Amino acid sequence: MKGLLYTSKASSPSYSYAQSPTRSSKASSPTHSFAQSPARTPRSPMSTPSHHQTFSASIMEEDLLYAEQIIRRWDLDSPFYTKVDYLFTGDRREARLFVKSVKNLQSAMHSFVLESASSEKIIHAQKLMQIAMKRLEKEFYQILSANRDVLDSESVSNHSSRARSSVSDDDDASEEDDRISSSGNTVSDGERVSVSEIVMADLKSVADCMISSGYAKECVKIYKIIRKSIVDETLYNLGVEKYSLNQVNKMEWEVIEPKIKTWVHAEKVAVKSLFYGERILCDYVFSSSEKIRESCFSDICKEKAIQLFEFPEFVAKSKKSMERMFRTLDLYNAISEQWPDIEMIFSFDSMVVVRTQAVTSLVKLGDAVRAMLTDFEAAIQKETSKTPVHGGGIHPLTRYVMNYLVFLSDYAIALSDIVADWPLQIQSPLPESYFSSTGSEESSSISARFAWLVLVLLCKIDASAEFYRDVAQSYLFLVNNLNYIISKVHSSNLKLLIGEDWLVKHEQKLKQYAANYERMAWSKVMTSLPENPNNLPIEAARECFRRFNLEFNYACRKQATWVIPDSKMRDEIKISVAKKISPVYRTFYDRYRDVFRGVDSVVRYAPDDLGNHLSDLFHSTGGPGSSGTGTPSHSSSSSSPLSRRR
C-alpha cells in the first residue's frame, strides 16, 4: 500500500499534501504547502480525515481526490471535454499521469473495501473508475485504428524486442515519446521503428490498466475487431481466397497453377510477417495474461490460418498429372520450410487445429508426389512408339524424361523427405552398385530412385534402337541419346544425386557406342584402302581407288540425313573417322596420283576433299519425309502416355 511508503514521515508536524500527483520522491518534502500545487482544488468534505482515521486511510482518500481531478478532466461526458483531444496523441506525460491515477484509484478502492464494503467512498470511486475505463476504451481504440501503418506486421515482427526493452512506463522515458508523438502524421523511415515501439508500449499500458481494473472484456473486444480486420484485409490483398475441394477439383490446370504461385508467395508473407507479427503484438500487449493472449491470437488468426493451409490439401486431392508435379512440390516446400515457424507461432493449445491442418496438407502433398512419381515411371514404361527418330537423333522421350528429372533434382531436399519411408521396390538383374550414390545417407533413397528412372529410360532407348534397319544408325542413335542423358546429369543436380561413378561408367559406355558406330559405318571404307600402299601393281591400285570411291561415296550419301545434335560430339566423331581414313588415303594418293593423272574416274577425291565431305555430315535438319537409305522418318503422332506432355 502506498500509505506504507509515508509511514516513516507521519510524525512530522509540518507534513502536508503538497506532493505532485506523480508521487515522486521529491513530493515528501515538508516545505510544500497545498497552495503550491496548481492542479489542486479545495479538499471536499468527503476527504477530510477525522481523528479516528489512520494516516494510511487519509493517504488513500488523497489518492482518490487526485485521481478524480485528473479523470474528470478527460470525462467523455463532461461539457468541457474537447472531442478531438486524445491522451496519447498530445502531451503524453498527461497520458502517463492518467494511467497512474487509475492505478492509485485501484489501490484506494482496495483500501476502502477493507474499511467498509458499502461506503460512499467506494461508490464514488467506482463511478470514477467507470469514467476512466470509458476514456481508456476510447484511447485504446484510437491507438489501434490511428496507427495501423506503424503497427503493420513487418514492423512489429522486426522490432518487437526493441519495443520490449527501450520503452518504459517511467516518467523519465517521456522525452523521446513526446518528440515523436508531437511530430505530426509524417513519419520517416528512421522514426517508424521508434513510433511502432512507443505505440506498442501505449497499448500495453492501457491494456494492463484495463485488465487489472476488471475491464479486460471491453479491451479485448476492441483489439480483436481491429486486428482481425487487418489480418483479413492483408490476406485478401495477398490473394488468399476461400475454396472448397469441389471448387478446386473443377478448376482447369491453367486456372490452378497461377493460384498456386500466388499462394506460395502469400504463405511466406503470412507466416514470416503477418501471423508472426500478430503473435508478437498479442504477446506484448497482453503480457499480463496468458489466457487473454491466447484468446486474442486465436480469435484473430485461427480461421484465416486454417483457410490458408487447407488450400494445398485440396490441390493434393485434386486431379493428378505429371505436369502438376512441380507446383505440388512448391506447395510442399513452402509448408516444410516454414514448419518450425508455424509450430512456434501457433503453439497455443487452441491453435492445434492450425498445426494439424498444415501437417495434413504436407502429408497429402507427399502422397500426391509419390503417386505422380509412380505414374511417371509407368508412362516411361508404356512408351509404345515404334517409329525411329529421323536421322538417329535424340528421341522425344529422352528429352522429356531428362528435362523432367533435371527439374525434379532441384527439389531433392523435399523429395528426400517424401520418399524417405517409401523404399524403391525393383526386380532388376543389374548389380546393386548401379544404384549406389556418392551422396550422403540422407539422399541415398532419392538417389536410387533417380538412378532407377534413368535406367528405365535407357532400357526404352535401347529397345527403340532396334527399330533402325541400319545397324550403324542404331549405334548413332544410342550415341546421341546417351550423350544427351550424360550431359543433363553432368550439368544439373543429378550429378550430385546419381554420383560420379555413374557418370564414369556411362561415359565409357558412350565411347563404346561411338566406336561401334564408326566400325559399322566406315569399316568398308577403311578396308578398301591397302595395308601397304607403296608396292601395289597398277591394276591393284586402280581397284583400290575404285572400291574406295564407291564405299566413301555410299557412306557419305547414306549418312547425309543422319544427325549429331551435340556439336562437341559431332566434331569428336568426325575427327576420329578422319584420323582412321585420311592418313592412309593421303599416302596412297601421293604414291599413285602421277600414275593416274588425268584419269578422273580412278582418283575422284584429293585428301582435302575427304575432310570437306566429312565436315558436311551430321548437320541435317531434315524432318519427316526426308529421304535416307533405309531410314524411315519419325512420325509426330504417337499413342504413348507421354506424347501429350512433350
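**Aromatic rings in the predicted model**

Tyr585 is buried, with a relative accessibility of 0% (buried means under 20% relative accessible area, exposed over 50%, and partly exposed in between, using a 1.4 Å probe and protein chains only). The model is predicted, so local features need pLDDT of at least 70 and side-chain atom pairs count only at pLDDT 80 or more, while totals for chains, interfaces and linings use all residues. Residues are numbered from 1 along each chain as its sequence is written, and side-chain values use heavy atoms, leaving out hydrogens and water.

The structure contains 22 aromatic pairs. Rings of Phe, Tyr and Trp (its six-membered ring) pair if their centres lie within 6.5 Å; planes under 30 degrees apart count as stacked, over 60 as edge-to-face and the rest as tilted. Phe326 and Phe407 are edge-to-face, because their planes stand at 65 degrees, with ring centres 5.7 Å apart. This pair links distant parts of the chain, 81 residues apart: Phe326 belongs to helix 12 (residues 325-345) and Phe407 to helix 14 (residues 396-409). Helices (H or I, at least four residues) are DSSP runs, numbered from the N terminus. Phe326 is buried, at 17% relative accessible area.

Back to Tyr585: its ring is stacked with that of Phe548, because the planes lie at 25 degrees, with centres 4.5 Å apart. Here helix 20 (residues 538-558), holding Phe548, is linked to helix 21 (residues 567-592), holding Tyr585. Phe548 is likewise buried, at 0% relative accessibility. Both residues belong to one aromatic cluster, whose members include Trp522, Phe545 and Tyr605.

Definitions and conventions. Helix = DSSP H or I, 4+ residues; strand = E, 2+ residues; numbered from the N terminus.
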